[in-house]
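I opened this chain to look up its helix packing, its cores and a few single residues. My entries follow in the order I made them.

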Amino acid sequence: FPVTIGHGCASLYGNPTPSKKGEYFVYSFKRTLNSEEIEKIVTHVEKITGLKGVPVDWLNNTWPRRFFHIKLGLQLRMMNGAAFSLTDIYHFSICSMAQGTPVFCVFKPNIKIDSTLNEEKKKILFEMIRNDDLLINWTSDWKLEVDRALSDWSKVSLYSGDRLAGFYNLRNNFKNLLNESLGNLGY
């Protein structure tokens, strides 16, 4: 079974055509930044964009099983209506893009790769979809990196379909591979 690097089933679940983008951005962190760094970046992004940051508790979902899909659907709808997403989480990035929302993703220059939870995976994904300019390299000059990445945030949000073309292309290739390998599943 052929594999498309950087894509999986999470990319298939989405509604990329919201009626209107909201006056907020969504964010979720847990992979790269600590609590103090998260507060600093969110405050800085709110200041430079004039938008309110809305947290999405992506990795701490402890909901009862019977409510999981409802709560996940609400999170995805929040992503769908956001001007953009800000994260350091690979699958949060994938799910935001599947919702038609561009993503600014934080990564640290690679440290040791010893699991699938590594920084290089995010960097490779963004390079594959030609959005590596939306990567925020977390260094001591992080504010300069954030300012650089978000300098045209309103254009990124306004033209999100164009901005996400590389993502949609890889997702369509993945759908075609699934349909060829498993029969037409209706994707």
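This is a predicted model: local features need pLDDT of at least 70, side-chain atom pairs count only at pLDDT 80 or more; totals for chains, interfaces and linings use all residues.

Entry 1, His44. Leaving out neighbours within four places in sequence, I found His44 in contact with Trp142, Lys143, Val146 and Asp147, where contact means heavy atoms within 4.5 Å. His44 sits in helix α1 (residues 35-49); helices (H or I, at least four residues) and strands (E, at least two) are DSSP runs, numbered from the N terminus. At 11% relative accessibility, I logged His44 as buried. The cut-offs are under 20% relative accessible area for buried, over 50% for exposed and partly exposed in between, with a 1.4 Å probe and protein chains only.

Residues are numbered from 1 along each chain as its sequence is written, and side-chain values use heavy atoms, with hydrogens and water left out.

I found eight helices and five strands in the protein chain. From the N terminus on, I read the order as β-α-β-α-β-α-β-α-β-α-α-α-α. Of the 187 residues in the protein chain, 48% are buried. Of the contacts with a separation of 6 or more, 71% are between residues 24 or more positions apart. I took the accessible surface as about 10200 Å², with 52% of that belonging to carbon and sulfur atoms; the areas come from the Shrake-Rupley method with a 1.4 Å probe, and for residues only the protein chains shown count as cover.

Which residues have the most contacts inside the largest nonpolar core? I listed Phe29, Ile41, Phe84, Leu86, Phe104 and Leu150, in a core of 38 residues. Strand β4 (residues 103-107) gives the largest share of this core, five residues. Apart from this core lies another, of 10 residues, including Tyr24, Val26, Trp58 and Phe92. A nonpolar core here is a set of buried Ala, Val, Leu, Ile, Met, Phe, Trp, Tyr and Cys residues joined through side-chain atoms within 4.5 Å. In soluble globular proteins, nonpolar side chains tend to be buried together. I also looked up Phe29 by itself: beyond four places in sequence, Phe29 touches Ile38, Ile41, Val42, Leu86, Thr87, Asp88, Ile89 and Val106.

I found eight of the nine residues of α3 buried. They are Tyr90, Phe92, Ser93, Ile94, Cys95, Ser96, Met97 and Ala98. The cover over the buried residues of α3 includes β1 (24-28), α2 (68-81), β3, β4, α4 and α8. Just after α3, Gly100 takes a positive phi of about 85°.

The axes of α3 (residues 90-98) and α4 (residues 119-128) come within 10 Å and cross at roughly 25°. Axes are lines fitted to C-alpha atoms, for helices over the stretch in contact, and angles run from 0 to 180 degrees between N-to-C directions. Angles under 35 degrees count as roughly parallel, over 145 as roughly antiparallel, 65 to 115 as roughly perpendicular and the rest as oblique. Tyr90, Ser93, Ile94 and Met97 in α3 meet Lys121, Lys122, Leu125 and Phe126 in α4. I sorted the residues of this contact into five nonpolar, one polar and two charged. For that sorting, Ala, Val, Leu, Ile, Met, Phe, Trp, Tyr, Cys and Pro count as nonpolar, Asp, Glu, Lys and Arg as charged, and the others, Gly among them, as polar. Leu125 is buried at 1% relative accessibility, and its C-alpha atom is 8.6 Å from that of Tyr90, 35 residues apart along the chain.

I found α3 and helix α8 (residues 165-182) packed at an angle of about 95°, with their axes 10 Å apart. That makes α3 roughly perpendicular to α8. Ile94, Met97 and Ala98 in α3 meet Phe167, Tyr168 and Arg171 in α8. The residues of this contact divide into five nonpolar, no polar and one charged.

Is Ser85 buried or exposed? I have Ser85 as buried, with a relative accessible area of 0%, in strand β3 (residues 85-87). Beyond four places in sequence, Ser85 touches Val26, Phe92, Ser96, Thr101, Pro102, Val103 and Phe104.
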